[in-house]
Amino acid sequence: MTPDQIQTLRLLCDTIVPPLERPGDTDGFWARRATDVGADQGVLAMISGMPPEQQAGIAALFDALAANGFHDAPGPVLAAITQASPEAAAGIGALTSVILLVTYGITDASGHNPFWTTIGYPGPVDPGAPAAEPEITPLRPDGDVELEADAVVIGSGAGGGLIAGRLAASGKRVIIVEAGRYSTEADFDQLELAAYQRSYWRGGPTPTGDGNITLMAGAGLGGGTVINWTNCIRTKDHVRQQWADEHGLTDVATPEFDKHLDAVWREMSVNDRCSEFNKIHEAMQRGAEKLGWSFATVHRNWDEKRHDAAIAGHLGFGDRSGAKQSTLKVYIEPAVRDHGAQVIDNCRVDRILTENGRATGIIGTAGSAAVIVRAPIVVLAAGALESPGVLLRSGIGGPAVGDYLRLHPCTVTMGDYGTDMRGWWGAPQAGLINEFAAVEDGYGFLMESVQYTTALAAGSIPFISPEQHKEAMATFRNNGSYIGLIRDRGHGRVTLDESGNTVAFYELTDELDVRNARRAIEAEIRLHHAAGARRIQLFAHGLAAWEQGDDLEDYIARATSVPLRAGGATLFAAHQMGSCRMGADPATSVADPRGELHDTPGVWIGDASAFPTPSGTNPMITVMALASRTAENILGA
């Protein structure tokens with residue numbers, strides 16, 4: 001960035017979050033601007049980590065703003081450019097979200113943001129000393145290295161971590177290759193932006209290639225199980241039957257699969273005794289009861305002995321208490337400690353090696369070092385966003401690689417209840433409404449709550465004007481949010497860009513999915529209303545909130561007519577599935593019903609990309625049960 005472009009960025013930050021006069025501004029919330037907390041430097045750091053073509057596009061946008069007189073009349077010029085050019089509007093909208101995310105998430109040396117005082121967020125909780133010392137010393141080569149093993153596992157999340165543990169316990173020499181870093185409780189500072197950089201795929205919220213959906217995925221040893229919200233739901237019978245009848249996974253619909261579900265449930269210490277309700281969950285339950293809808297307490301993979309509800313509220317940033325029973329803690333650490341497994345972290349797998357049509361290992365890159373692992377068993381479990389990339393770069397897997405990507409796209413609504421909801425306290429998901437889980441043809445949606453955040457929330461709340469957005473943040477403590485998690489029948493695709501990196505594309509256009517998304521929006525609004533919300537906001541561009549006294553039916557009609565794409569409703573997806581799916585037909589699936597590639601013996605799919613269709617539930621337990629089944633198949637091969 002040139003000095004002029006940096007100055008434009010600074011001005012844009014303070015145009016989005018400007019100083020405003022407000023009587024009684026005792027802590028300076030209204031007078032404070034974005035650059036007062038260093039938002040410009042935070043945004044600049046994020047831009048510097050983007051691909052060169054994105055950096056060039058942002059620089060060109062800054063140049064266009066300056067050329068049109070932005071420095072002399074920021075507000076009018078910004079409005080004029082936004083109205084005149086859809087492309088510029090999209091770019092400015094994306095930058096606005098980033099500026100808001102950084103402004104309300106960035107912290108000083110003491111781990112505090114001055115905006116939090118009015119927002120009502122107390123910040124990180126001091127849990128005392130970390131729960132344990134690190135149990136793993138990853139291999140981090142400073143030069144090219146070639147290793148041998150009986151099995152190499154690419155990725156270490158819900159599926160890969162479990163399979164590595166099972167294979168190591170059976171006596172096999174196992175090497176785990178993970179693109180992210182190994183982190184322990186001592187590394188988890190409960191800070192949102194730092195957590196995104198440390199533990200999330202591509203540094204945090206990342207849009208699909210078409211901008212339609214914001215993706216959230218884990219990265220690091222233990223994968224998503226280290227930072228997910230611990231909502232444990234067993235695979236539904238109708239989904240199991242569909243996988244058996246339509247995709248050839250016949251045993252999944254029998255008691256044989258129950259054994260895997262039961263084992264995972266037990267090994268992960270799943271219970272419903274660490275799911276206290278905060279005021280958001282109380283409102284959810286109150287609204288559900290008034291509407292006559294189902295309501296259940298969430299089961300979670302959590303150690304009761306280490307449980308602290310205040311610390312649990314930060315678990316999406318990494319659990320410092322040691323209570324979270326991730327695959328890292330339950331399977332990977334014992335595999336290393338007790339069975340001699342090795343871990344290579346910060347290593348990107350470039351491709352799978354084959355000889356005479358069979359797997360022989362992998363080649364990857366750790367820093368500047370080439371890493372080769374020779375092994376006759378390759379377990380691909382890099383996640384549904386990256387596993388297809390490994391296969392595509394390797395030229396194996398068949399025509400369905402990357403296809404049938406399912407995302408469980410989520411709509412989001414926020415309700416203002418007129419009192420401090422203390423959403424930062426307690427597990428993010430402690431209550432569940434499954435009234436509409438199979439509302440039509442086995443498809444529907446779950447209603448759940450979300451992790452408390454200041455940054456992601458600020459970047460997601462619809463931005464209509466600087467004044468309106470600051471008002472929304474000033475009253476943020478009074479709000480609670482619900483999502484409608486849709487079991488999608490339609491699907492997207494993962495491809496490679498010119499640099500060989502994965503890009504996901506997804507359009508929510510399937511007729512049934514559109515109906516269910518609109519049903520979810522309506523249900524979320526009615527739930528807030530029944531629970532006593534005085535203001536309700538669908539996260540959607542340009543849609544004003546419902547205020548107490550407004551016509552509720554009119555608001556529902558307007559909210560359910562918002563386009564379900566970029567520029568319309570804000571959609572999130574934390575569950576990526578199906579892009580290397582199992583099935584009987586090599587034309588429409590990548591792996592056979594056992595989990596082994598149709599075209600390359602020795603390569604097994606071990607993550608959520610193996611799902612034939614979406615689970616319709618938080619997928620961790622299903623991923624792990626399938627992985628347990630796959631490990632059994634590997635050992636029996």
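## A strand pair to begin with

Strands E21 and E22 (residues 546–547) pair in the antiparallel sense over 2 bridges; strands here are DSSP runs of E with at least two residues, helices are runs of H or I with at least four residues, and both are numbered from the N terminus. Two strands count as paired if DSSP finds at least two bridges between them. In this pairing, Ile536 stands opposite Trp546 in E22. E21 (residues 535–538) is also joined to strand E15 (residues 410–416) by 4 bridges, and E15 and E21 run antiparallel. Here Asp416 stands opposite Arg535 in E21.

The model is predicted, so local features need a pLDDT of at least 70 and side-chain atom pairs count only at pLDDT 80 or more, whereas totals for chains, interfaces and linings use all residues. Residues are numbered from 1 along each chain as its sequence is written, and side-chain values use heavy atoms, with hydrogens and water left out.

## The parallel sheet

An open sheet of 5 strands has the order E9-E3-E2-E13-E24, and its pairing is parallel. Strand E9 (342–344) and E24 are the edge strands, each pairing on one side only. From one strand to the next, the twist averages 20 degrees; axes are lines fitted to C-alpha atoms, for helices over the stretch in contact, and angles run from 0 to 180 degrees between N-to-C directions.

Strand E3 (residues 174–177) is joined to E9 by 3 bridges, and the two run parallel. Val177 stands opposite Ile344 in E9. Helix H7 (residues 158–169) lies across E2, E3 and E13, running at about 165 degrees to E3.

## The mixed sheet

A further open sheet is formed by 4 strands in the order E1-E12-E11-E10, with mixed pairing. Strand E1 (145–148) and E10 stand at the edges with a single partner strand each, so one side of each is left without a neighbour in the sheet. Neighbouring strands of this sheet are turned by 20 degrees against each other on average, direction ignored.

E10 and strand E11 (residues 358–366) run antiparallel and are joined by 8 bridges. Thr354 stands opposite Ala359 in E11. Thr360 also has its place in strand E11. Not counting residues up to four places away in sequence, Thr360 touches Leu353, Thr354, Glu355, Val373, Arg374 and Ala375, where contact means heavy atoms within 4.5 Å. Thr360 and Ala637 are 277 residues apart in sequence and 16 Å apart in space, C-alpha to C-alpha.

Helix H14 (residues 387–394) is mostly covered, with 6 of its 8 residues buried; buried means under 20% relative accessible area, exposed over 50%, and partly exposed in between, with a 1.4 Å probe and protein chains only. The buried residues are Ser387, Pro388, Gly389, Val390, Leu391 and Ser394. They pack against strands E2 (151–154), E10 (347–355), E13 (377–380), E19 (492–496), E20 (502–505) and E24 (603–605). Just after H14, Gly395 takes a positive phi of about 70 degrees.

Leu391 is one of the residues that touch the most other members of the largest nonpolar core, which has 143 residues; the others are Tyr104, Ile119, Ile352, Ile362 and Val373. H19 gives the most to this core, with 9 residues. A nonpolar core is a set of buried Ala, Val, Leu, Ile, Met, Phe, Trp, Tyr and Cys residues joined through side-chain atoms within 4.5 Å. Leaving aside neighbours within four places in sequence, Leu391 is in contact with Ile352, Leu380, Ile396, Val401, Cys580, Val590, Leu597 and Ile605. A second, separate core of 48 residues includes Leu407, Tyr506, Ile525 and Ala531.

## Helix H19 and its surroundings

Helix H10 (residues 255–267) and helix H19 (residues 620–636) pack at an angle of about 115 degrees, with their axes 9 Å apart. In this contact, Phe257, His260, Leu261, Val264 and Trp265 of H10 meet Ile621, Met624, Ala625, Leu626, Ser628, Arg629 and Glu632 of H19.

Asp607 lies in the loop between E24 and H19. Asp607 counts as buried because its relative accessibility is 7%. Leaving aside neighbours within four places in sequence, Asp607 is in contact with Leu380, Ala381, Ala382, Gly383, Ala384, Ser387 and Val623. Asp607 and Leu626 are 19 residues apart in sequence and 8.2 Å apart in space, C-alpha to C-alpha.
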